[in-house]
Amino acid sequence: MSAVTAGNGSRGGVVKVESREVTRAEVEEFLYREAQLLDEWRLDEWFTLFEPDGRLEVPTTDWAGWDATTAGYFVADDYELIRARVKRLKSRKAHAENPHSRTHRMVSNVILLEAGAETVWITANFVIHRYRDGGAYTYVGRYEHVLKVEPDGLRFRVRRAVPVMESMDPGARLSFIL
Amino acid sequence: MAQQTPVRPLGAPGDGAMIDEDWEALRFRVHRSAYREPGVFAEEIARIWGHTWLYLGHETEIPKAGDFKTRTLGGRPLIFCRDADGEVRVFFNSCTHRGTVLCRHSEGNTKFFQCFYHAWAFSNSGELAALPGDDAYPDDPAFRASMALRQVPRLQIHEGFVFIAFDPDVPDLLTHLGPAAHYMSLTAKIGERGMTTLPGVQLYSVKGNWKLAVENAMDGYHFAPTHNTFVGYLRETGFAVTDDDQYAYDLGGGHGLLVLTGHNGRIGMVWEPRFGEEEKERTAVKRRELEARLGPELAAEVADASRILFVFPNLLLFDLEALTIRQLEPVAADRTDVRAWQFVEVGEPESVRALRIKTMVSFVGPGGLATPDDIEAYEAVQRGIVATADAADPAHDWSDMSRGMANEKQGNQGRSIDEGAMRSFWRQWAHVVGASTSVAGAPPAGAPASGPAAAEAGE
Ligand code: FES
Ligand SMILES: [Fe+2]
């Protein structure tokens, strides 16, 4: 999996994969819906947004395009690990998130980069505010996702959140889904 | 005032000790001001960071001539670089002219470091190479020589691990490391073609005192309750975690070692089902390779147990799951910067590398399934210990680390699920910082074993 690069795929916020067209509105709807599920800690529903074999990745803050087979990462989950992560985060014994953080996500600057035979590569910006134990943390970055285009919607093939901070601030550990 | 515990009362550190050790009552306590007080923190920076060998980084972070990284250690900005001749150099990252931070990039490759303020330029071996308007300065080579970049007073390398000291009079590095040097060497021997750090450094900070991070690493007692969900994950993937055969060793000089079997698997060393069948075969081949290269005893030492090594004061080597180098940088009494590198075998197949990274980061690091709970634990300690500051009953303002002292008193090998490794750390800490210690009763007579081999020899 190489890094998403700016392509020339999108005209007027529409790209075409083999089976159908995908609009920016559809991608935005998908991302907003995801943000809502995560902010409401509806993790089982969130997990259904992945295709079987989907991946969840968070590179480190010094990231220069390395993939998770050649460099250290913060998160490099295959499908089974995403499942384990969800199970863990739902447990009372996930001490780092008991009680859960309050999170509030803003997603914008959605761009459809390129279409493959069955996937679309997109990027978007995010700002996540997180509150816990009297602390307030802000995570800023961009998504670089590969989405599988299904007849009935979109699924994550690769969900990658790239932090743009210089490091994780004090208290800002990634015990929630970035 | 009711004395609730049958112990000798001790007051605040002003009139008492920071560490209260009682071999009759089998009690070991640390005064909580040790984690809280800016004054204690200032003493630590001056006496420990100012006068001890510190782990700076690994040689493989700067493989080529001209490669550099900038990094802050003990609060001092530094340039860690390889000069044009391939020599590792460490400079204070501060222009000799007026003190400006010379290099403001976190990494790169360069022949010259040029200060943006008045444009002085220094070669990567530290000589002043360009001095704009030099006709206004003394026409004397000694002047230029005096303006060379300042190197740290001491720099020594053990197995690629680069240590520096800000005090020229520290003992030789190997003397400082003592038995810890051997355990660093074990990690360096894993790869047939050597070991290297990877890019993708986990940089994060915690709202906790640096000593809480050390304690947490040397504390097997917390593993089951704190990592309940991770232990559950391991069980589900077919690996039963146990507390058996987990030992703690005092390596002297504040260095500590946990040796863990049955803790979890390690890539290429101890197989577990979640690693898959391909890795099972590779592990068997790898084990034979180690034996052929290192001999059966050393191979067994490298392969058959996991280890957590703490090198006083700021290096942790986690040789479990796979290898992580973790460095601690104290920022304030209640804040620590952490940097963590994945340390991998040179030339391993891409599929193995991918498995290794996945396995490693699923456990360690701020996004893993385990480390966040550790961080939660020591951040919660930092928040909680203000409760008893200046308490009506000063006996309340202590943290207890007495678990396993009866065993220690009998001279038995310490277990990782006891708190003996923390007690050794705190004794050395008090010694170096000059904090007073109150010892009552007779400590155990024999010197503690300084590693598994020494333990066996003593039996
Ligand atoms: S301070 Fe660097 S050139 Fe003047
Ligand atoms: Fe832990």
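Chain B of this predicted model has an average pLDDT of 92, and 95% of the residues score at least 70, pLDDT being the predictor's confidence in each residue on a scale from 0 to 100. The model scores ipTM 0.93 and pTM 0.94. Where pLDDT is low, the predicted coordinates should not be read in detail. Residues are numbered from 1 along each chain as its sequence is written, while chains are lettered from A and ligands numbered from 1 in the order in which they are written. Local features need pLDDT of at least 70 and side-chain atom pairs count only at pLDDT 80 or more, whereas totals for chains, interfaces and linings use all residues; side-chain values use heavy atoms, with hydrogens and water left out.

The domain assignment of chain B gives domain 1 (53-158) and domain 2 (178-440), bounds that come from an automatic or database domain assignment. The C-alpha centres of domain 1 and domain 2 of chain B lie 34 Å apart, and the contact takes 13 residues from domain 1 and 16 residues from domain 2 of chain B.

The largest nonpolar core has 114 residues, and those with the most contacts inside it are V27(A), W46(A), Y139(A), L178(A), I308(B), W426(B) and W429(B). A nonpolar core is taken as a set of buried Ala, Val, Leu, Ile, Met, Phe, Trp, Tyr and Cys residues joined through side-chain atoms within 4.5 Å, where buried means under 20% relative accessible area, exposed over 50% and partly exposed in between (1.4 Å probe, protein chains only). Helix α14 (residues 420-433) of chain B gives the most to this core, with eight residues; helices (H or I, at least four residues) and strands (E, at least two) are DSSP runs, numbered from the N terminus. Because domain 1 (53-158) and domain 2 (178-440) of chain B both give residues to this core, the core lies between them. Apart from this core lies another, of 35 residues, among them L177(B), V201(B), L251(B) and F343(B). In chain A, when neighbours within four places in sequence are left aside, the contacts of Y139(A) include F126(A), I128(A), R130(A), M165(A), M168(A), F176(A) and L178(A).

H227(B) lies in the loop between α7 (223-226) and α8 (228-236) of chain B and D374(B) in helix α12 (residues 371-384) of chain B, so the pair ties together parts that are 147 residues apart in sequence. H227(B) is buried at a relative accessible area of 2%, and D374(B) counts as buried at 9%.

Several backbone features were also noted. Most residues other than glycine have a negative phi, and most peptide bonds are trans. A cis peptide bond, with omega about 0°, joins N98(A) and P99(A), and P99(A) is placed in the loop between α3 (79-90) and β5 (102-115) of chain A. A cis peptide bond with omega about 0° also joins F312(B) and P313(B), where P313(B) is found in the loop between β17 (306-311) and β18 (315-320) of chain B. D133(A), although not a glycine, has a positive phi of about 55°; D133(A) is in the loop between β6 (119-132) and β7 (135-150) of chain A and is partly exposed, with a relative accessible area of 40%.

Methods
Contact = heavy atoms within 4.5 Å.
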